[in-house]
Amino acid sequence: MSYIENALSGLQGGAVIAALAIGLVLTFRASNVINLAHGAIGMYSAYVYFGLRNFKLASTELGGDLVLPIIGAPSKVHLLDRPTASSAFLVAIAIAIGLGALLYGFVFRPLRSAPPLARVVASLGVFLYLQSVMNVRVKEIGAGALSLQLESLLPQGVVRIGSAKVPTAAFALAGLVIACAVALGVLFRFTRFGLATRAAAEQERGAILTGISPNRLGVFNWMLASGLAGVSVILITGVQQKIDPTETSLLIVPALAAALLGRLDGFGLTTVAGLAIGMTQGAVSWFQLRASLPSWMPNGGLAQAVPLIVILAAISLRGSSLPNRAALLERQLPESPVPKHPVLWTSLLFVGATVALFTLDAQWRLAIVVSIIAGFIGLASVVVTGYVGQISLAQYAFAGLAAFGTAKLAIQGLPFPFAPIVAIAITVFVGILMGLPAVRVRGMTLAVATIAAAVAIEQLVFASSSLTGLESPPRPRLFGIDLGFTATGDNNFRAAFGMLALVLLCAAIIVVANLRRSATGLRWLAVRGNERAAAAAGIDVSRTKLSAFAVSALLAGIGGSLLAYESPSLSSQQFMVVGALAVLALCYLGGIASISGALMAGVLASGGVLTQLQGGNTGNASSYQFAVSGLLLVVVAVLYPDGVIAGLRNAITRWSKHAGKNTPTAGTQSTRVAS
Amino acid sequence: MTELLTIRNLGVAYGGLLAVDDVELVIHANEVMGLIGPNGAGKTTTIDAICGFIPHAVGTIALGGQAIQQLAPHERARSGLVRTFQSVELFDDLTVRENLVVAAQAPRWYSLVFDAVRPNRARSFTAVDRAIELTEIAALSTLRPNELSHGQRRIVGVARALAASPALVLLDEPAAGLDPQETERLGALIHRLPSEGIGVLLVDHDMALVLEVCDRITVLDFGRVIASGTPDEIRSNDVVIAAYLGSSSE
């Protein structure tokens, strides 16, 4: 046993990371989308393969069932009897390729010039949809990792290098992906197809004028990428003997890191980066097993986190605090209306929610508190993404830091208001610390970097054994009043805690509204609009972004602290990056650049007020809820790339213009002149 | 006359290409300096370098005797060196007045906390009011940039620079796309700035404007200074005629 052996075995994982990263490069070049659902496509394709092959030769079970990822449709349909490995493989890859073509044609092609956030949200929607619909399927048909026979298509056995024994599959996979990269490199350098794709990525209109059809190129690149994702995930699933809708889809995170290291361009560096990530993970896991790490070091997740951290550092070192002159200005985020009468609206919210907390039953109180907590996460997204334009997906990681911090400190004896206050202060500090490199990257790169950071925190901190299953902190008490949430007996969720959460939320809304209306808010929007012009106007762009990161971490931290008191026990599951993706997406539906968007996200959040309206947390109604909201996100992003609210506003403007077209205003006239 | 901006050995290289090569430039207080040259001569690159937008630029830049080449772009702006952009670059989410307000007001360390509790929207800013008055855009102040004509946007860009209380404004093609009346009003404004205590570096292709409002003119070609002098000297300079003005200005 040696770390070299582990590193070489890590080539298996590295090869899949590299293959997915190559697919990301292909789709990015073809349609300017970082496809967060890329791993999910591979995941589904693997379920198709192993679902088809799921039969026992001796028994009457025929296998050959195709798992359908469609809401409302049957879980599976019978496709063919006792398929061979190669026929099942061909079907699975064909389906992956078809899925890629569908996604391009119906989702990403229409979005190619939409704001970057719309593209992120659409690919998030696809991710959420596939991942959650497959989670439902796995439960329904018992196709969990244990019941599926995960056969390996690759040669078994080991290769001896000195004293190290490395599975042959590791070299086979790595060789395969390197061969793919070389073949793609040749294809793109020397063929008309490759040149045309590169030309169309640079200048779509120019490419059309020279007789290239960007549609055909795009669809071909998407098919290529999705097929490759299918192949690689099927192969690695067989080798590693595990598959899970969520975990397998999240292979996208290290793949994104590799693709970013390769600058989303060119296959060589991307492949090398992917393989290196896998090998690093292998080597680090050896140290974790063997070396006696000091006790303060996290024992879980180091292998996943280390390469991400290295890459985050590399990306931010390469960034610069201002975009250069040649940088294209991306299309704007949706309009950010100035909050009018925030005190009035907040008072109405306060009165309404207070009445609800005291008159409705315990399940409603739970739903309201869940919505309030999601509202905090939403506000955190509105500040950093809506107001300052920085797509950050680390909100739940911050909430988790505050939640675990609060529980840990309170259990160790720090009294009530101080435990959460200290925990939130630490969270804000970490938020600023993470903001320091984040101010050097922007756009899609930042979105990906924050996902990587969130996963790193998740792996390093939340998965650590001293924190998992941490009990909820002692009951909060202030001035002799019991503010705890749970109570024994019928009335098992108490309104007092709901009031605490509500008061905090109302205060947070007023603060965010004040910031938006003040000079700070003007600077935030100036930076969101144009960083170079902001610097020229004397605005310290880095500091302005940092202030938003700090406020965002504060809001997420308060939400997290509340969550610590709300849930019976804390687990890393509650703070997975998927949650942050969902909240960001819900905010986007409601209007990412306005407070109402955050509140809408709270209402729509899983387990929140809307769930309660639909029949509560207990019913089966919510098993498809994530899948439905994923689908909704895709549809909305395609139909209203600027968000629903902005879409409605535009529709109203169009309507009123149409109604009064004889009296156009001065404003519309001069717009016409300017454009 | 005191030297307001002093530039020595300014250089910007992109790969092997010297976009700006050993440029020397001195602008005095109360002076309008013109910077002209053919396309690609390095005019905008010079402004970018002076204002700190090109981190790898070399040379020394002093404003009022203080070396500023180590400062970040926003620090140079706050110390009095404010530019406009060829492509205007207003903040589309803010009204015209708010565009000026963000340039006028530097935040303090406690601003975030103060703003969270008491938004100070209604505060008046003398620099903003003065800039609006000088550029005569009071009627536009509540409009958004996308409601303005091209010419109005340009003048708001200049107003935003003036709202930052500059010692020197660097105007990058402020007259591009303006109609004759707008150009005339712009000329009058530029002419008036020195008496307001503001020096001007003017880059423009409108030779009539440049020759009329500038006290001195520097001519760039291929990143090098090929001539420098009063408008009359430049008009009759053979090198400048050959490189830029052409035979039409005989």
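B:Asp48 and A:Arg532 form a salt bridge whose closest N and O atoms are 3.7 Å apart, the term requiring a side-chain nitrogen of Lys or Arg within 4 Å of a carboxyl oxygen of Asp or Glu. The model is predicted, with local features needing pLDDT of at least 70, side-chain atom pairs counting only at pLDDT 80 or more, and totals for chains, interfaces and linings using all residues. Residues are numbered from 1 along each chain as its sequence is written, chains are lettered from A in the order in which they are written, and side-chain values use heavy atoms, without hydrogens and water.

Between chain B and chain A the count is 2 salt bridges, alongside 8 residue pairs in polar contact, both residues being at pLDDT 80 or more. A polar contact is a pair of N or O atoms within 3.5 Å; within protein, one must be able to donate a hydrogen and the other to accept it, and residues adjacent in sequence count only if both atoms are side-chain atoms. On the side of chain B that touches chain A, at least two residues each come from helices H1 (43-50), H2 (73-78), H3 (96-104) and H4 (111-117) and from strand S6 (81-83), where helices (H or I, at least four residues) and strands (E, at least two) are DSSP runs numbered from the N terminus. The largest share, 5 residues, is supplied by H4(B).

Taken as a whole, 39 residues of chain B are in contact with 38 residues of chain A, contact meaning heavy atoms within 4.5 Å.
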